[in-house]
There are 2 protein chains.
Amino acid sequence: MKLKLSLLSLLSVALVILGNVDGGNVLVWPAEGSHWINLKPVIETLTDRGHSVTILVPNATLYMDTRKPERFNSLRFNTSISEKDLDDFFEEFLQFEMYESHQMNVLQKYVKFYEFLSKDQDFFLQYCDGVLKSPAVMDKLREGKFDLILADPLLPCAELAAEVLGVPFIFTFRFSVAHAVERMCGQSPAPPSYAPGIMSKLTDKMSFFERVVSLLFYLTNDAMSVRLWKTYDDYYTEYLSRPTSYCELMGKADIWLIRTYWDFEYPRPLLPNFIYVGGLHCRPAKPLPQDLEEFVQSSGDDGIVVFSLGSFIRNLTKERSNVIASAFGQIPQKVFWKYLGEKPDNLAPNTRIYDWIPQNDLLGHPKTRAFVTHGGTNGVYEAIYHGVPMVGIPIFADQTDNMVHMKAKGAAVFLNFNSLQAQDLVDALKTVINDPSYKESVMRLSRIHHDRPVKPLDEAVFWIEYVMRNKGAGHLRVASHSLNWYQYHSLDVLVFLISILALVFYIIIRTCSFLIRRCCRTPKHKSKRE
Amino acid sequence: MKLKLSLLSLLSVALVILGNVDGGNVLVWPAEGSHWINLKPVIETLTDRGHSVTILVPNATLYMDTRKPERFNSLRFNTSISEKDLDDFFEEFLQFEMYESHQMNVLQKYVKFYEFLSKDQDFFLQYCDGVLKSPAVMDKLREGKFDLILADPLLPCAELAAEVLGVPFIFTFRFSVAHAVERMCGQSPAPPSYAPGIMSKLTDKMSFFERVVSLLFYLTNDAMSVRLWKTYDDYYTEYLSRPTSYCELMGKADIWLIRTYWDFEYPRPLLPNFIYVGGLHCRPAKPLPQDLEEFVQSSGDDGIVVFSLGSFIRNLTKERSNVIASAFGQIPQKVFWKYLGEKPDNLAPNTRIYDWIPQNDLLGHPKTRAFVTHGGTNGVYEAIYHGVPMVGIPIFADQTDNMVHMKAKGAAVFLNFNSLQAQDLVDALKTVINDPSYKESVMRLSRIHHDRPVKPLDEAVFWIEYVMRNKGAGHLRVASHSLNWYQYHSLDVLVFLISILALVFYIIIRTCSFLIRRCCRTPKHKSKRE
């Protein structure tokens with residue numbers, strides 16, 4: 001059976017373009033790094049569709065470059081954080097993730113990681129102050145009469161602002177560690193036996209001991225999350241002058257736009273207001289600039305390899321970059337390397353370094369044979385979209401976990417950034433390029449990605465507009481938000497039922513023993529009398 | 001903000017019409033009653049889209065009237081059941097549900113209900129024999145080279161046939177009692193604390209004692225289901241000559257097309273391969289035949305009431321029909337009553353009885369003020385689609401539970417069929433017609449029903465074609481199918497972890513007590529020496 005997907009896709013776009021609503025008024029909460037990159041296609045599409053979009057922009061930001069003229073309004077706010085503070089923090093974090101953590105044991109890594117998260121929180125709360133404690137900014141937000149707040153929950157307080165302004169809100173969300181926010185605040189169930197927590201590096205098929213690790217991973221991260229959220233609980237409670245919590249307000253989100261899909265994710269339970277829109281930023285490849293196209297064509301039948309460690313990592317040590325350059329020199333493909341660091345001494349003629357590459361267009365080029373990636377979700381989705389096998393060199397956050405997913409699905413191999421030697425990378429590239437199973441697997445994922453009733457960007461926009469049209473989406477929100485944890489798991493009911501059973505059992509035992517004693521005594525008396 | 005939904009709907013249809021696949025080959029498992037009525041729009045649409053559809057039709061059937069020329073092929077098979085057997089069974093069942101059960105206590109009803117289910121099974125296994133144990137029919141099924149089996153799991157063995165033929169299969173499913181099949185075979189989670197079992201008559205907002213009832217309802221029905229399924233387990237195991245079970249084979253379904261949606265259902269967890277397509281049979285109202293339209297118009301501003309007890313119930317006792325007729329005589333509306341029984345003596349001039357009514361077109365008429373219904377899902381969905389408040393007179397199966405849903409959502413009141421008096425029905429009708437909250441609530445449900453990214457029929461067809469295009473939809477199937485119940489709930493892991501903890505605790509206690517004993521003894525020796 002043939003697949004006529006092009007028409008389907010075309011109409012799917014048309015569906016959203018024509019199923020219009022009169023211009024809504026959207027407030028976008030600030031985001032940073034790849035989270036901002038991922039938000040942009042959504043807000044660009046909202047602008048295309050005639051909505052007014054206002055973005056909250058802090059004084060210090062590394063990615064939210066709104067100095068160049070954009071089609072959306074920005075509302076600036078001040079914090080005590082400078083761009084240098086941000087740079088220093090991220091540099092320290094990257095140094096830890098890229099090099100230092102390599103020499104630590106699991107417990108040390110874990111403690112250090114939560115130290116970073118804790119420091120993150122201090123930054124985040126300054127952002128919150130910048131918006132919520134500035135009467136001028138809050139006045140503007142009130143005057144703005146927004147229909148919706150759109151937020152990536154990497155930064156907190158969107159839910160607090162929504163509560164104060166009385167505006168519905170939608171999250172666009174990649175993940176929280178061990179799905180803690182999605183589970184505990186969003187009420188989305190995740191049985192540890194087959195739905196492992198994000199960053200656990202487990203798959204959905206687990207041995208007994210992997211299931212032990214899965215449960216422990218959930219328990220330890222939940223404990224840590226509850227501890228970290230205490231800071232937010234206090235902030236929110238103080239701000240609203242009534243007892244509340246981070247989770248309570250997060251749980252009021254109308255829709256959670258989860259930025260994965262079943263091409264990438266292991267199948268798992270979801271809730272009706274969790275909409276999986278992974279890969280919404282992907283689009284068909286555009287023709288390359290002439291110089292790049294010429295370099296691609298010079299590769300002949302061998303084709304090209306694309307290498308990028310993402311938007312965050314600008315630099316490597318000389319030793320690491322030399323190892324990587326040496327590996328690329330040993331393969332027959334031409335290599336496009338996106339890199340802002342110093343050019344390695346041993347760069348081979350088949351490898352060219354660029355400050356920036358049109359990654360999506362390169363991955364969509366028919367001559368692309370493999371993608372060497374840090375494993376960020378955005379890049380992984382571009383590889384899935386275009387059907388390119390991957391070699392992962394994951395570094396931080398969810399990247400290793402993402403590569404575990406791709407490896408489990410047969411679309412990638414991955415290496416350890418710190419220990420990899422040139423030959424490892426050469427072998428990995430040869431494997432994914434020459435073993436046809438990798439191409440077949442990633443093409444299967446690509447078919448899953450494309451073959452769905454509505455395209456992810458269209459579905460995201462549909463639900464954003466739905467919430468604006470209907471002032472919320474309460475009909476999708478589960479009633480368990482009003483239960484506490486032991487009520488949710490029916491533990492109080494179980495205790496009650498077991499108590500009743502025990503009581504009945506006790507009464508039966510006592511009655512029986514009483515009757516037995518009576519029966520046994522009587523003959524004695526009788527015999528005495530006799 | 002205005003809603004331009006008509007264009008959206010139009011394109012949504014176009015999406016499916018044009019996103020075509022070359023003709024697939026679909027085998028439809030037999031169904032009966034409203035289940036057959038519900039299957040028809042799907043298979044009609046599949047035929048419209050160029051697929052070849054073959055329906056398995058037993059020698060005895062009450063609803064699958066394939067004698068009149070249809071556009072799909074039928075493949076007849078024989079069973080030892082006659083139409084009279086079916087009629088007798090259903091008559092006995094209806095007598096029980098309509099009149100006898102009214103005088104029983106809960107336990108008696110429960111036992112009798114499971115007796116009927118058990119008798120049902122005997123019929124069902126004769127259908128299975130008719131197909132699976134007939135070499136001629138099985139040869140035809142093998143020669144048919146089907147791409148897909150589409151089945152309503154009311155009748156078993158579709159999953160067994162799919163296993164034997166090596167063909168993927170899709171369920172189109174309203175419910176099993178307490179979601180037993182969906183939960184235990186389909187692995188779809190349902191926390192008893194807020195996702196009550198179907199037929200429990202509970203809502204998603206429960207008091208402590210309702211949560212006790214919810215858990216007990218699940219536990220007792222699960223025990224009963226496991227007992228009933230044992231018959232199928234044995235049949236399947238014997239047929240395949242290897243140990244297997246009903247649930248194991250049911251769990252291999254690629255897609256479960258669940259025939260409700262969040263307009264009707266309380267929000268609850270779902271799995272990626274559970275697609276909610278409730279109301280797929282609904283369509284815009286067509287103009288009425290002239291005589292009906294004239295009767296409608298004669299109602300003036302008061303409008304009309306539509307009354308039907310569904311396709312199953314043909315007759316009422318004289319006493320019950322008189323009570324109902326008397327109530328209708330007391331309201332200002334004109335009444336359309338679909339009824340095959342004897343005309344009540346006291347039928348008022350405002351009420352007309354019909355053998356058949358174009359129910360969907362009547363409910364879609366702007367003069368319709370209320371729908372008096374037995375509460376079957378098909379009728380409830382037509383009322384939601386057209387936004388008509390309901391008065392329920394539920395009789396059997398999920399009907400009371402359906403009306404509990406509609407009452408909880410503010411779109412209906414409902415009455416007890418056996419005890420209702422004329423004044424109760426008059427009051428109920430006046431309430432839903434004159435209290436605007438009922439119309440507002442059902443219009444809210446109607447908006448939820450219509451305002452979704454893809455129309456339910458289109459979504460059902462999309463996934464049917466998806467499975468044919470891709471020979472399955474394994475990427476949506478959770479890995480928990482390979483876990484048993486204690487592994488699923490991580491109980492083995494918990495026992496292991498608690499054992500480790502207990503052991504560590506034991507060793508610490510023993511070590512401490514040993515050290516304490518040593519410390520305490522030494523001074524004694526010393527003191528002796530001294």
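User: What joins A:Cys185 to A:Cys247?

Analyst: A disulfide joins the two, with 2.1 Å from S to S. A disulfide is a pair of cysteine sulfur atoms within 2.5 Å, so the pair of A:Cys185 and A:Cys247 at 2.1 Å qualifies. A word on the source: this is a predicted model, where local features need pLDDT of at least 70 and side-chain atom pairs count only at pLDDT 80 or more, while totals for chains, interfaces and linings use all residues. Residues are numbered from 1 along each chain as its sequence is written, chains are lettered from A and ligands numbered from 1 in the order in which they are written, and side-chain values use heavy atoms, without hydrogens and water.

User: Which parts of chain A does the pair of A:Cys185 and A:Cys247 tie together?

Analyst: A:Cys185 lies in helix H7 (residues 180-185) and A:Cys247 in helix H9 (residues 246-250), so the link ties together parts 62 residues apart in sequence. Helices (H or I, at least four residues) and strands (E, at least two) are DSSP runs, numbered from the N terminus. The torsion about this S-S bond is -80°, and the link of A:Cys185 and A:Cys247 is left-handed.

User: Why does A:Cys185 count as buried?

Analyst: Buried means under 20% relative accessible area, exposed over 50%, and partly exposed in between (1.4 Å probe, protein chains only). A:Cys185 has 1% relative accessibility, so this residue counts as buried. A:Cys247, with a relative accessible area of 18%, is buried too.

User: What makes the disulfide of A:Cys128 and A:Cys157 right-handed?

Analyst: The torsion about the S-S bond of this pair is about 100°, so the disulfide is right-handed. A:Cys128 is in helix H4 (residues 106-132), and A:Cys157 is in the loop between strand S4 (148-151) and helix H6 (158-165), 29 residues apart. The sulfur atoms of A:Cys128 and A:Cys157 are 2.0 Å apart, and both residues are buried.

User: How are the bonded cysteines of chain A paired in sequence order?

Analyst: Numbered that way, the pairing is 1-2, 3-4. A:Cys520 is in no disulfide, and the nearest cysteine sulfur, that of A:Cys519, is 6.6 Å away.
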